[in-house]
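This report describes the chain shown below for a reader who is new to protein structure. Please keep the model in view while reading.

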Amino acid sequence: MSRKIETLVGKSLVITGDLFISGAIHIDSIVRGNVICKKDVKAKIFLGKDSKIYGNVYGPLISIDGYVDGNVYCYDLLQIGSAAKISGDILYNKVDMEAGAVIHGNLSHDLNINFDDLYNVDVETLDKSNKITVNNPKN
């Protein structure tokens, strides 16, 4: 599952708001919002040991070795490292989990995961500005 990292978010940064990913990203910071990658995008989300995510994580390829306070929705392969701590439910297609990982929530496996309606983003143009409305029925 090797992917070249296109974006590195270091631990000196705190992000408030949702992150929309279209490539490979490595996060070692605090994110107060969802980390989102659509199912049809070839991308990977790496959450390092210093990462703290306060929101849901959506993506086709996800590697977690930090803290997630929210649900994880993985369309393809989820890798959970020994330092990972997840407080939330996990829906996955395939999972690889190391000894030592801590999960407070349910793990649900489904080979026919349909995420199409799980996270929708509508953009409506109003005058000269854009209004973004996020519809998240699972949050």
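The accessible surface of the protein chain comes to about 7800 Å², and 47% of that surface belongs to carbon and sulfur atoms. Such areas come from the Shrake-Rupley method with a 1.4 Å probe, and for residues only the protein chains shown count as cover. The model is a predicted one, in which local features need pLDDT of at least 70, side-chain atom pairs count only at pLDDT 80 or more, and totals for chains, interfaces and linings use all residues. Residues are numbered from 1 along each chain as its sequence is written, and side-chain values use heavy atoms, with hydrogens and water left out.

**Strands and an open sheet**

The protein chain has 18 strands and zero helices. Both kinds of element are DSSP runs numbered from the N terminus: a helix is H or I with at least four residues, a strand is E with at least two. Two strands pair if DSSP finds at least two bridges between them.

Six strands form an open sheet with parallel pairing, in the order β2-β5-β8-β10-β12-β15. At its edges stand β2 (14–16) and β15 (102–104); each has a single partner strand, so one side of each is left without a neighbour in the sheet. The partner shown by the pairing of β2 with β5 (residues 30–32) is joined in the parallel sense over three bridges, and V14 stands opposite I30 in β5.

| Strands | Bridges | Sense | Facing residues |
|---|---|---|---|
| β6 (residues 35–36) and β9 | two bridges | parallel | I36 and Y58 |
| β7 and β9 | four bridges | parallel | K44 and L61 |
| β9 and β11 | seven bridges | parallel | V57 and V72 |

How many residues of β9 are buried? Eight of its eight residues are buried, where buried means under 20% relative accessible area, exposed over 50%, and partly exposed in between (1.4 Å probe, protein chains only). In the protein chain of 139 residues, 42% count as buried.

**The nonpolar core**

A nonpolar core is a set of buried Ala, Val, Leu, Ile, Met, Phe, Trp, Tyr and Cys residues joined through side-chain atoms within 4.5 Å. The largest such core has 25 residues, and those with the most contacts inside it are I27, V35, V57, I64, V72 and L78. At least two residues of this core come from each of β4 (25–27), β7 (44–47), β9 (57–64), β11 (72–80) and β13 (90–92). The strand that gives the most is β11, with four residues. In soluble globular proteins, nonpolar side chains tend to be buried together.

Leaving aside its neighbours within four places in sequence, V35 is in contact (heavy atoms within 4.5 Å) with L19, I21, I27, I45, I53, N56, V57 and Y58.

**Aromatic rings and cysteines**

Rings of Phe, Tyr and Trp (its six-membered ring) pair if their centres lie within 6.5 Å; planes under 30 degrees apart count as stacked, over 60 as edge-to-face and the rest as tilted. The count is two aromatic pairs. One of them, formed by Y58 and Y73, is stacked, at 4.9 Å centre to centre and 10 degrees between the planes. This pair links distant parts of the chain, with Y58 in strand β9 and Y73 in strand β11, 15 residues apart. Both Y58 and Y73 are buried.

The count of disulfides (a pair of cysteine sulfur atoms within 2.5 Å) is zero. C37 is buried, with a relative accessible area of 0%, and C74 is buried at 0% relative accessibility.
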